[in-house]
Amino acid sequence: MRFLRIAWLNFCFYPFFIIFSLIAFVSFGCLIILSIPFLSKRKIFKFLRLAIRWYGAAIIRILPWPLIRLEYKNFGQNDPSGPYLFISNHRSACDPFLMGVFPYEIVQVVNIWPFRLPALGIIAKIAGYLSVREMPYEEFAKKTLQLIDAGVSLAAFPEGTRARHKSVGQFHSAIFRTALETHAAIVPVCITGNERVPPIGSPFLRPSLIKIHRLPAITWEEYKTFNAFKLKNYCRAIIAKEVLLMDQT
Amino acid sequence: MTEQDVIRLVNEVFVDSFEIEKSRLVPEANIFMDLGLDSLDIVDLVVALQKKFGVTIRDDERVRTIRTLGDLQQFILTLKKEIGK
């Protein structure tokens, strides 16, 4: 029965994923190209990032449903207004798609490999996603500052690579240095259940309930006395504690 | 400056700059995996060590071989000896 569920999920998901992606790329691509003469560069970027968000949300929420379901809890109703720095634990290749649950214009900070994906990598580059390991830190700092000034939120997975076990790995500090420069609110995001979507080393998705908890934002007032090292470990401890609870329930 | 002085002062940098508990500062602690520093934190560490010991570390190729706190303490000790000659 378990094997049949996995077979059915992947048999249904991948063909629809390819067809949906083709339709989305062509239709959004045409819309964006047609809008170039009429919209400012800023508005085109905004629309492109919005399109990516819709695409990501559809890929993860609609196509694999009901065998993969999403449970999103927002504990940040009283957060100050954005832009935000979303920081999340990282267990799965599907995590960038999961950022589609957040209703904001977001640029993701990614590792090298997403930029090398066919089509998706090119679109990520065009949308201004930041490949943190392929640029000097000074350039990264400058770009993130410009994005936050323009009201764009950032999403990063500070572990840098997918965790091979359930604990949260050491964090890299680049995004936290951005926080200290920009004073933006940091939003910890905890994701569990995604480690099987798909598991590391396999292309096959497994039925799963993916839980996403958006925790209350950590404001500049809270972290202004921290250095980057202390801030990254403070955020890591918050995420690790919540992830442990989520894994147990 | 004795070996014990160097060890104490290097550990002080980790406590003051990174707020790492003294109990974690054992010679075999890996600076990246155990103490949690990344490449950007290393830049801060180098600046703090240069200030503390009055040495130039940044352009020294031997820095690249340092993995543990013990390696770092021995490296600083060697540098201090070289300066003293």
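A salt bridge is a side-chain nitrogen of Lys or Arg within 4 Å of a carboxyl oxygen of Asp or Glu, and by that rule five salt bridges are found across the interface of chain A and chain B in this predicted model.

**View 1. The interface of chain A and chain B.** In this view 11 residues of chain A are in contact with 14 residues of chain B. The area buried between the two chains is about 920 Å², and carbon and sulfur atoms give 46% of that area. On the side of chain A, Gln170(A), Arg177(A) and Phe229(A) together supply 57% of what this chain buries against chain B, more than any other three residues.

View 2. Between chain A and chain B the count is nine residue pairs in polar contact, with both residues at pLDDT 80 or more. Helix H6 (174-182) and helix H8 (228-248) of chain A are the elements that give two or more residues to the side touching chain B, and H8(A) gives the most, with three residues. Sorted by class, that side of chain A has four nonpolar, four polar and three charged residues. One salt bridge joins the side chains of Lys232(A) and Asp38(B), at 3.9 Å from N to O.

**View 3. A salt bridge between two loops of chain A.** The side chains of Arg91(A) and Glu195(A) meet in a salt bridge at 3.0 Å, N to O. Arg91(A) lies in the loop between strand E2 (84-88) and helix H3 (95-98), whereas Glu195(A) lies in the loop between strand E6 (185-192) and strand E7 (208-214), so the pair ties together parts of chain A that are 104 residues apart in sequence. Arg91(A) counts as buried at 3% relative accessibility, and Glu195(A), at 18%, counts as buried too. Both residues belong to a network of salt bridges that also links Lys166(A), Arg196(A) and Asp247(A).

View 4. Arg8(B) is partly exposed at 44% relative accessibility, and Asp5(B) is partly exposed with a relative accessible area of 27%.

**View 5. An exposed salt bridge of chain B.** The side chains of Glu61(B) and Arg64(B) meet at 3.3 Å, N to O, in a salt bridge. Glu61(B) counts as exposed at 55% relative accessibility, and Arg64(B) counts as exposed at 61%.

Methods. Residues numbered from 1 in each chain as written. Chains lettered and ligands numbered in written order. Predicted model: local features only at pLDDT ≥ 70, side-chain atom pairs only at ≥ 80, totals over all residues. Heavy atoms only, no water. Contact = heavy atoms within 4.5 Å. Buried area = accessible area lost by both parts, 1.4 Å probe. Polar contact = N/O pair within 3.5 Å; in protein donor to acceptor, adjacent residues only side chain to side chain. Helix = DSSP H or I, 4+ residues; strand = E, 2+ residues; numbered from the N terminus. Nonpolar A, V, L, I, M, F, W, Y, C, P; charged D, E, K, R; others polar. Buried < 20%, exposed > 50% of the residue type's maximum accessible area, 1.4 Å probe, protein only.
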